Amino acid sequence: MVVVKESPAALGLTEGDLIEMYYKVVLSRALSARMWILNRMGRAPFAITGDGHEVAQVASAFTVKPGKDWVVPYYRDMGVVLTVGMTPRDLMLGLLAKAADPSSGGRQMPSHFGHAKLRIVSGSSPVATQIPHAVGIALASKLRGEKDATIVYFGDGATSKGDFHEGLNFAGVHRLPVVFFCENNGYAISVPLKKQMAIAHVSERAAGYGFPGVTVDGNDPLAVYAASKEALQRARSGEGPTLIEAVVQRLVPHSSDDDQRRYRSQEEIEAGKLADPVPQFKAYLEKEGLLTAEQNEEINKRVAKEVDDATDFAEKSPYPQPEEAVTRVYGSEG
Amino acid sequence: MATKTVIEALRDALHEEMQRDERVLVMGEDVEEGGVFRATEGFLAEFGPGRIIDTPLSESLIVGAAIGAALNGMRPVAEIQFADFIHPAMDQIVSEAARMRYRSNGAFSCPMVIRAPSGGGIHGALYHSQNVEALFAHVPGLKVVAPSTPYDAAGLLKAAIRDDDPVLFFEHKKTYRLIKGEVPEQDYVLPIGKANVVRQGKDLSILTYGLAVHQCLEAAEALAQEVSVEVVDLRTLAPLDKEAILESVRKTGKALIVHEDNLTGGIGGEVAAIIAEEAFDYLDGPVMRLAMPDVPAVPYSPPLEEYCLLNPEKIAAAIRKLAAY
């Protein structure tokens, strides 16, 4: 059970903010559940979601100024992109590879988010490649004296890639306005953290690049919010980068093509479910008297309706024209 | 018009672009002190440390951060000190820069240039001599340019910087100081994707690029009494100027492709395929290729290096062989 230590008021969060966060968390989980069902029904060839990461994702993205700050997500970040402004319809269009998918027009696998207007940068499947992009985006903003910041998300597996080290090193040298947000769920597909690194915390890496690193409980919305807010403020005020490690659970297999029972014990999988951040967030809100049964019911109904609407909308939405496949390779040919 | 070397023309073109457009910035290793080939000499004093940026020894970062800067409104010129060192950045170039526009359905793009000195003949051995252009010419989403003269280098570099897509710009380092030519004072741009017939001929076409253009011209001149050789400088390797290739070969009926890059999987294979598919009826001899042997890279010892690299004598022998058909 997560123990929330921070006080919402001290962080500048209203009751309404917390309810909004909770709503995004529930929405993210419900969309994921629908995506897995559609996959198992054979209506979506592939699904990859961030069940267990939602509280960390939503609470951190809640500190972003949408459309002003740059957000560089990876494929588990449904909670991030929903918080920054993508809609359930946007995500379902991506799942079903429809023409109107704003991330890629149905070109990429699902959850490879992108949205130019919201400054959500298109991502790929190779991990950590987005980290140097975030660094370059922050460099450009700094050169022009702009006050936006960049936040880049990645998993624990990505911290083993050269691009992670090269990106953090350069950001440290130039004190760039960038926040590195690691969602450490302890697994890179099947490879556990202890085979990924010989240190206890990803955040320790920051010392090697000359800026602060913090580890927070990714199930604690206020701890994540506080750390992200502080890091983005540091970035905006020219104090340089921060590495945040949010420790989370991966409640689902890596993707719809993975079976985590092959490499995780039943006990561990069950223990993970007990650490599910969604009911914990709910319990916290109830304990603080911020969420009534009525409000909860309302949120659940609203979410169910949005998920149904998004599914119907995406299913009825057309596929891209086949010949679209050979367009937009270069800028000069339309 | 001023007479300049290739490296002077490149430096001036880059300088003019940085003066013209404040979105242009240079990042790479040793660029602040002017670069190992002096391509950015004096830039730091004029443009300041924000637009001329020494990076750590991190090629993937150089390209990856340039992609980010391009996404955020800049026109970065990323310098890879030697083309031989570009391989750590392969993922960023191929998985990211090349695919950004396509994968975002046109919502994002990477207007950026990656400059890399390439080629042998300067006692550079395995890791300062490589020709890596074919690796990138295979990748849709990238443009690949390989100029041979000061005039082309300046005009194409400006075009590359103004282009809305990622451009790999391979400069044959042996041309840097060896090749001189006239460069106009006024601003001009040469179109990417256009070849140039640098010598008119009627018996045989040579399709080539980079330093080899000059070696081919020398060979053609030496054989001028025996055979009339046309030399086409491809200039851009992706996209290839199919029309220019076909027009020349349809005229002469014979095609010899010459490149310093090794033979197998080189640009020559693609040029040969274009000719075979679209100019078959015009041929009166086999499409031939002259290239570096398939060894990993140019070795250091002078006789080994000379054995591998092109020279006018080898090219003349290939011309004679093909002309005999």
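Predicted model: local features only at pLDDT ≥ 70, side-chain atom pairs only at ≥ 80, totals over all residues.
Residues are numbered from 1 along each chain as its sequence is written, while chains are lettered from A and ligands numbered from 1 in the order in which they are written.

Back to the strand. Buried has a cut-off: 20 or more other C-beta atoms lie within 10 Å of the residue's own. With 12 or fewer, the residue is exposed; in between, it is partly exposed; and the C-beta atoms are placed from the backbone. Strands (E, at least two residues) and helices (H or I, at least four) are DSSP runs, numbered from the N terminus.

In a regular strand the side chains alternate between the two faces of the sheet. Now look at E2(A). Thr150(A), Val152(A) and Phe154(A) sit on one side, and they are buried. Ile151(A), Tyr153(A) and Gly155(A) sit on the other, and they are buried too.

Who are the neighbours? Strand E1 (residues 70–72) of chain A runs parallel to E2(A), joined by 3 bridges. Two strands pair if DSSP finds at least two bridges between them. Trp70(A) stands opposite Thr150(A). Strand E3 (residues 178–184) of chain A also pairs with E2(A) in the parallel sense, over 6 bridges. There, Thr150(A) has Val178(A) as its bridge partner.

Let's step back to chain A as a whole. The chain has 10 helices and 7 strands. Of its 334 residues, 54% are buried. Its C-alpha atoms fill a box of roughly 55 × 50 × 40 Å along the principal axes. The radius of gyration, taken over C-alpha atoms, is compared with a globule rule: 2.2 Å times the number of residues to the power 0.38. For 334 residues, a compact globule would come out near 20 Å; chain A has 19 Å, which agrees.

Next, contacts. Two residues are in contact if their C-beta atoms, placed from the backbone, lie within 7 Å. Take the contacts in chain A with a separation of 6 or more: 76% of them join residues 24 or more positions apart.

Tyr225(A) is in helix H7 (residues 221–236) of chain A. Tyr225(A) is buried because 27 other C-beta atoms lie within 10 Å. Leave aside its neighbours within four places in sequence, and Tyr225(A) is in contact with Leu11(A), Leu13(A), Ala59(A), Phe62(A) and Thr63(A). Thr63(A) is 162 residues away in sequence, yet 6.8 Å away in space, C-alpha to C-alpha.

Now, how do the chains meet? 33 residues of chain A are in contact with 35 residues of chain B. On the chain A side, helix H5 (130–143) and helix H6 (162–173) each supply at least two residues. H5(A) gives the largest share, 10 residues. By class, this side of chain A has 15 nonpolar, 14 polar and 4 charged residues. Nonpolar means Ala, Val, Leu, Ile, Met, Phe, Trp, Tyr, Cys and Pro; charged means Asp, Glu, Lys and Arg; the others, Gly among them, are polar.

On to chain B. Its domain assignment gives domain 1 (2–183) and domain 2 (196–323). Such bounds come from an automatic or database assignment. The C-alpha centres of these two domains of chain B lie 26 Å apart. Their contact takes 26 residues from domain 1 and 22 residues from domain 2.

One strand of chain B is worth a stop. Strand E7 (residues 167–172) of chain B has 6 of its 6 residues buried, so it is largely enclosed by the rest of the structure. Strand E5 (residues 113–118) of chain B pairs with E7(B) in the parallel sense over 6 bridges. Within that pair, Ala116(B) has Phe170(B) as its bridge partner.

Last, a sheet in chain B. Its 5 strands form an open sheet with mixed pairing, in the order E9-E11-E10-E13-E14. The edge strands are E9 (196–199) and E14 (288–292) of chain B, and each pairs on one side only.
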